[in-house]
Amino acid sequence: MATPLENAAKIPLDPVEQRKVRIARNERIGRWVLPIIVVVLTIVGWDLFCVINEVPHYVIPRPGRILQVLIEDWSLLISSLGATLVITFSALTLAIVGGVGLAILFAQSKWVEMSFFPYAIILQVTPIIVIAPLIFIYVDSKFIGLLICAWIVAFFPILSNTTLGLKSADHNLADMMKLYGASRWQTLRFLRLPSALPYFLGGLKIAGGLSLIGAIVAEFVAGSGGAGSGLAFRILEASYRLNIPRMFAAILLISFTGILIFMAMSFLSWLFLHKWHESAIKREM
Amino acid sequence: MTTKTLLSLKQVGKAFSNGTVALQDMSLDVQEGSFVSLLGPSGCGKSTALKIIAGLGNLTTGTMTWPTATVDQLGRPDHEISFVFQEPTLMLWATVFDNVWLPLRLKGTTKKAARAAVEEALEMVGLKDFAASYPRELSGGMKMRVSVARALVTRPKLLLMDEPFAALDEITRSKLNDDLLHLWQKMDWTVIFVTHSVFESAYLSDRIVVMAARPGRVVADIAVDAPYPRGGAEFRSSQAYSDASNTASKALHAAMQSGDHL
């Protein structure tokens, strides 16, 4: 049984295949090493720029100073980050519930979709920064106001993608469901929702980042301080006091949080799709 | 042989909203236990006929009756039909087991209760060891086998197949044809098999219904006079096989010449 396979293993790789192996290996290493080199070079260059030009720290702080402030102000910054994250994830959760719920409703009735989809688009294309002040006038609770703003930004990609996904179910499978007398609920549960999953996860990746942005923008507009204020307020506050290093530290924290959210959503996507979906499959040739 | 009529189409016509007449005056009696091929060029309405029989489309004129069918609680005839599409039409996100389980699941059968039936169906198509695989891990022929297993897990009386093996390579196709015949004899099915291959229809069926396009209609009804089991190459070189192929080919050509260009 094993002889043909053993023989096959003895055939040496041709130059083209060898080159492929080499390229693949280099790419694997480069994927990690290159970004690290570029980041290190940027930081070193930044530091040199500040030192050589004698830039004062209240204009552009040296990277080391930002790190120092990040450590010194850690408890303040982390509690603000916590407040922002509460808004971010509450908004994302509501965006998922609202987006998927509305998408299912749209998929059930073309009339509902035709009637209400324009509103979803209006909400999406109107910049949140111009709606936010109105929201804070009408809504007393700051928390609710922030939540509404972040939700408006985050929910559209989920709604739009899930709607598309629910409509993309295989027509023959839908026919088969009908043939076997499947109820509307069964068709949704066994066919439409699984078909929509890759689309939904694509929307979630976008919505995760957007909900953070929505939360930050809303905090900027809300502007009020006190305990439990988010990172955006810390940045505003630091800018009034010309505490530039703290502004940078807060921005750094926001960026890292955004990256982490994106990575978490990508992992979630991989978790659900890697067994069956084309997007998550590695190809040999 | 005294066989009962399973399905009777009388003067069935179907027009679509865009004005196409997909079927005109199609009459067809299908006997229980027979293997009928609907043979014709694309656009002759053979798939439309199959969908109408499956209850997936309604007919514009004529009647369709199921003389032997029992009636369900709602007064509709209980057809016990399964359908095999040209593509495997599997749920890519579900394992082979879950795909085959689906028709039973829709009727409320739990996984535990369905296990025996699903495993038996997979065994019949030779995929017993692949229950936990996902469709993407299977070859085209294996996917089609899963599709067949899903069709037979409900133990249907009537199996409708819409060019099921047309997208497969010749070797796989021929193997699946033999397996299908084997299952048909074993399972006491009635099969209506849509194809555009003269040779496939002559090899498989005991009756070939030749159809022509524009408008879709029946032009010939040919009995293939050869007993089953039909042993592979031997039958392919037999007189009955070549007679059936020739008659079907001639009927197809006659219909095409009288119709317009392809």
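1. A:Thr163 sits in helix H7 of chain A, residues 142-167. The model is predicted.

2. Is A:Thr163 buried or exposed? The cut-off for buried is 20 or more other C-beta atoms within 10 Å. A:Thr163 has 25 within that distance, so A:Thr163 is buried. Setting aside residues up to four places away in sequence, A:Thr163 touches A:Ala103, A:Phe106 and A:Ala107. For a separation along the chain, take A:Lys275. It lies 112 residues from A:Thr163, and the two C-alpha atoms are 23 Å apart.

3. Helix H11 of chain A covers residues 244-273, which makes 30 residues. From first C-alpha to last, H11(A) reaches 43 Å.

4. The axes of H4(A) and H10(A) come within 7 Å and cross at roughly 135 degrees. That angle makes H4(A) oblique to H10(A). On the H4(A) side the contact uses A:Leu77, A:Ser80, A:Leu81 and A:Thr84. On the H10(A) side it uses A:Leu231, A:Phe233 and A:Arg234. By class, the residues of this contact are 4 nonpolar, 2 polar and 1 charged.

5. The loop between H10 and H11 of chain A holds A:Leu242. Check its backbone. Phi of A:Leu242 is near 55 degrees, a positive value in a residue other than glycine. A:Leu242 has 10 other C-beta atoms within 10 Å. The cut-off for exposed is 12 or fewer, so A:Leu242 is exposed.

6. B:Asp188 lies in the loop between helix H5 (170-187) and E9 of chain B. B:Asp188 counts as exposed, because 10 C-beta neighbours lie inside 10 Å.

7. Strand E9 of chain B spans residues 190-195. How many of its residues are buried? The count is 6 of the 6, so E9(B) is largely enclosed by the rest of the structure. In a regular strand the side chains alternate between the two faces of the sheet. In E9(B), B:Thr190, B:Ile192 and B:Val194 point one way. B:Val191, B:Phe193 and B:Thr195 point the other way. Both sets are buried.

8. E9(B) has strand partners. Strand E3 of chain B (residues 35-39) pairs with E9(B) in the parallel sense over 5 bridges. Within that pairing, B:Phe35 has B:Val191 as its bridge partner. Strand E8 of chain B (residues 158-162) is joined to E9(B) by 5 bridges, and these strands run parallel. Here B:Leu160 stands opposite B:Ile192.

9. An open sheet in chain B is built from 3 strands, in the order E2-E1-E4, with antiparallel pairing. Its edge strands are E2 (21-31) and E4 (61-65), each pairing on one side only. The twist averages 15 degrees from one strand to the next. Strand E1 of chain B (residues 5-15) and E4(B) pair antiparallel over 4 bridges. In that pairing, B:Gly13 has B:Thr61 of E4(B) as its bridge partner.

10. Last, the interface. 17 residues of chain A are in contact with 16 residues of chain B. Helix H8 (171-179) and H9 of chain A each supply at least two residues of the side of chain A that touches chain B. Which helix gives the most to that side? H8(A) does, with 6 residues. The residues of that side of chain A divide into 10 nonpolar, 3 polar and 4 charged.

Methods:
Residues numbered from 1 in each chain as written. Chains lettered and ligands numbered in written order. Predicted model: local features only at pLDDT ≥ 70, side-chain atom pairs only at ≥ 80, totals over all residues. Expected span 1.5 Å × (residues − 1). Axes fitted to C-alpha atoms, helices over the stretch in contact; angles between N-to-C directions. Parallel < 35°, antiparallel > 145°, perpendicular 65-115°, else oblique. Contact = placed C-beta atoms within 7 Å. Nonpolar A, V, L, I, M, F, W, Y, C, P; charged D, E, K, R; others polar. Pairing = 2+ DSSP bridges.
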